[in-house]
Amino acid sequence: MTELRHRGATDKELQHQNSEDKGSETEAKERDGASDNETKADPGVPEVSVTADDTPEVLNKALSGLSSRWKNWWVRGILTLAMISFFFFIIYLGPMVLMMIVLCVQIKCFHEIIMIGYSVYHSYHLPWFRTLSWYFLLCVNYFFYGETVTDYFFTLVQREEPLRILSKYHRFISFALYLTGFCMFVLSLVKKHYRLQFYMFGWTHVTLLIVVTQSHLIIHNLFEGMIWFIVPISCVICNDIMAYMFGFFFGRTPLIKLSPKKTWEGFIGGFFSTIVFGILTTVKLYPFQIHSIALSSFASIMGPFGGFFASGFKRAFKIKDFANTIPGHGGIMDRFDCQYLMATFVNVYIASFIRGPNPSKVIQQLLALRPDQQLHIFNSLKAHLTEKGLLPALEEAA
Amino acid sequence: MIIGFFLIIYLGPIMLILVVMGVQIKCFHEIITIGYRVYHSYDLPWFRTLSWYFLICVNYFFYGETVADYFGALVQREEPLQFLVRYHRFISFALYLAGFCMFVLSLVKKHYRLQFYMFAWTHVTLLIVVTQSHLVIQNLFEGMIWFIVPISIVICNDIMAYLFGFFFGRTPLIKFAYLLSQYQYFVCPVEYNSETNRFAVECEPSNLFMIQEYTLPAVVQNAVRWKTVNLYPFQIHSIALSSFASLIGPFGGFFASGFKRAFKIKDFADTIPGHGGIMDRFDCQYLMATFVHVYIASFIRGPNPSKVLQQLLVLQPEQQLSIFNTLRNHLREKGMLPPAVEEAQ
């Protein structure tokens, strides 16, 4: 992968011609490379070493005849096509598979970020730490999946006795599990490594906050309807590609010092084309079209900030990419950094403007109330429904 | 400090909320100042502004959720408040995003790493200090006793030696719980009375605070020669709370000690002469507050009826109708409603 990393100026021009490329993300990586070469590592900051080339052998053989820059172009293009096809394929497979995929992506992103933490702090030899990080990941996932399962699989849960107990005391069980991890952390504090261990604890928690909570918001969005999953992701991808295209053809004014090659022209062009894209793909789905305009606007305006945040993070820790999982594109986290902010926005948007409360959850709460409270609510509801004319005027109960 | 504690309890719920908020702000300030000193980041542009801004955002979010829940009647009356409540999540998220964008825009070339550290430091502090102080306030709304007893337990644990506290700390606490359970002021959920525009602490005490007779198991009967014992159920809960405080509470203290050693500081700050900073006094309280909240949510409190009604009224009419029928059948089964008289067709 090293030859793909140290791309010269000519390679960058070639990159611009790749229309299938995932646009501005790769631009960011190249720019990181250029500016990292300029600022030599300061002594206090440890370098994170880049691992060797892991382009699949198959691709290597097939492209062996080409010079390195074309090879690079093709590798990126093929992987982009592969990712987009995979995206359509899993949509075809349905919600359960999507949930599994979201879970896997989340685990991989978590793993990547934790690995960066380890490399930065040389904390491989810390006792317990990897165990604890994975344990916390499990706890938080258990908590969130439990809440989701309880909400949406309510009748199934009520039928099975062990599940019912687990769901009734779910918060308590999750909290107890988390506390166990907390106590293990405190017990694992070793005299010389206090500061390091606290850093890793903080690092783990912030990663959990960013990666895990937001992937659960994605799953919530999914349950609202697959369109709330597909359209936001497509908007972000479209914005990436379009901003890159506009930037290449018309780019003149730099956008932000953090990513020197992003331009205002790319930004604005990406904004308009994403909105058009949103309108065109949902043309039969009015009034959803209005929402798709809102979603596209957010993806174009705020989405890039997620990308800048990730770029800043990579520069801060002097790494090129989060990992080398996808040849030509870096790690999973590189692909998903803009998506996370988008997912949170979609979730808040749905909660604020679209979705009412979940009826089965309301019934669940109703049945947990005391009988006199239930009666009170029953009467209020009856009065409300009678007013609205939904109930025929019933004879008064004696 | 203990005198101050009793004074503010006397002053009532609103004062307590204000005091909790004051404590939270001070703890946040102490921890952030430590971060600054450790990283020598006083010269970073924007950073103090951003930390305080995030504190305000998160507080706005949490207080908004609380206010909407408990001040339902007041909120329905005022038009601007209604708008704020309906779109509360969206507004909070927008405020947070503005802070996030300001952070990204403030990244300065040489100081990336430092800025990310401070960003993470701020967020972890918010997670620990702010969320847990809101859990304290939610506990308070359940009834002042859920606020007073846990805090007293932790203080008691602190004051007495750890081992002694485990055994002897319980007896005075159980008596203390017995004493408090008799008064409505402590036991009733704090509710906002829209007519008088004040917090009212009056209610019919729940079963938890009525004396029940418990039959002792045979083994104990032989030893103690009593057949039954009259207790408030709350006293049993207070045993659970004090067990938690004795066993797990100290881990919160160890965590804070480890933190202080890691960053080579003696105390969090010098606010209280002889005791260090506010955070020094409150480190064990935070874990306790979270536990009490989870405990209440799991074992004591049902859902809040007014909130359920609120949600019901927002649903689609068909959904309301179906829920109405389900509820009617449920109540008939329970015998709360007379059985239906079939209407003649």
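In this predicted model, B:F116 is buried, at 6% relative accessibility. B:F116 sits in helix α7 of chain B and is paired across the chain boundary with A:F309, which belongs to helix α15 (residues 303–316) of chain A. The two ring centres are 5.0 Å apart and the ring planes meet at 65°, so the pair counts as edge-to-face; the cut-off for that class is over 60 degrees. A:F309 is also classed as buried, with a relative accessibility of 13%.

Both residues belong to an aromatic cluster that draws on the two chains. Its members from chain A are A:W203, A:F309 and A:F313. From chain B come B:Y53, B:F54, B:Y96, B:F100, B:F103, B:F116 and B:F119.

Over all chains, the number of aromatic pairs is 41. Another of these pairs joins A:F172 and B:F291, whose ring centres lie 6.1 Å apart with planes at 55°, so this pair is tilted. This pair also crosses between chains: A:F172 lies in helix α10 (residues 170–187) of chain A, and B:F291 lies in helix α15 (residues 278–300) of chain B. The relative accessible area of A:F172 is 23%, which makes this residue partly exposed, since buried requires under 20%. B:F291 is buried, with a relative accessible area of 6%.

The largest nonpolar core has 143 residues. The members that touch the most other members are A:F185, B:F103, B:V104, B:I145, B:W146 and B:F147. Helix α7 (residues 112–142) of chain B supplies the largest share, 13 residues. In chain A, domain 1 (72–124 + 214–353) and domain 2 (127–189) both contribute residues, so the core lies between these domains. A separate core of 18 residues includes A:V362, A:L391, B:V308 and B:F324.

The surroundings of B:I145 can be listed in detail. Leaving aside residues up to four places away in sequence, B:I145 touches B:P150, B:A177, B:L180, B:S181, B:F186, B:V187, B:F209 and B:F234.

The table sets out values for each chain.

| Chain | Residues | Buried | Accessible surface | Carbon and sulfur share of surface |
|---|---|---|---|---|
| Chain A | 398 residues | 54% | about 18400 Å² | 68% |
| Chain B | 345 residues | 50% | about 17600 Å² | 64% |

Chain A contains 18 helices and two strands, while chain B contains 17 helices and four strands. In chain A, 75% of the contacts between residues at least 6 apart in sequence join residues at least 24 apart. For chain B, 70% of the contacts with a separation of 6 or more are between residues 24 or more positions apart.

An unreviewed UniProt entry lists residues 7–32, 52–75, 87–108, 114–137, 144–168 and 234–256 of chain B under "transmembrane region". In the model, residues 7–32 of chain B are 96% helix and 0% strand, with the end C-alpha atoms 30 Å apart. Residues 87–108 of chain B are 82% helix and 0% strand, and there the end C-alpha atoms are 34 Å apart.

Key. Residues numbered from 1 in each chain as written. Chains lettered and ligands numbered in written order. Predicted model: local features only at pLDDT ≥ 70, side-chain atom pairs only at ≥ 80, totals over all residues. Heavy atoms only, no water. Core = buried A, V, L, I, M, F, W, Y, C linked by side-chain atoms within 4.5 Å. Buried < 20%, exposed > 50% of the residue type's maximum accessible area, 1.4 Å probe, protein only. Domains from an automatic or database assignment. Contact = heavy atoms within 4.5 Å. Phe/Tyr/Trp six-rings, centres within 6.5 Å; stacked < 30°, edge-to-face > 60°. Areas by Shrake-Rupley, 256 points an atom, 1.4 Å probe, with all protein chains shown as cover. UniProt positions renumbered as here; feature names shortened; annotations may be inferred.
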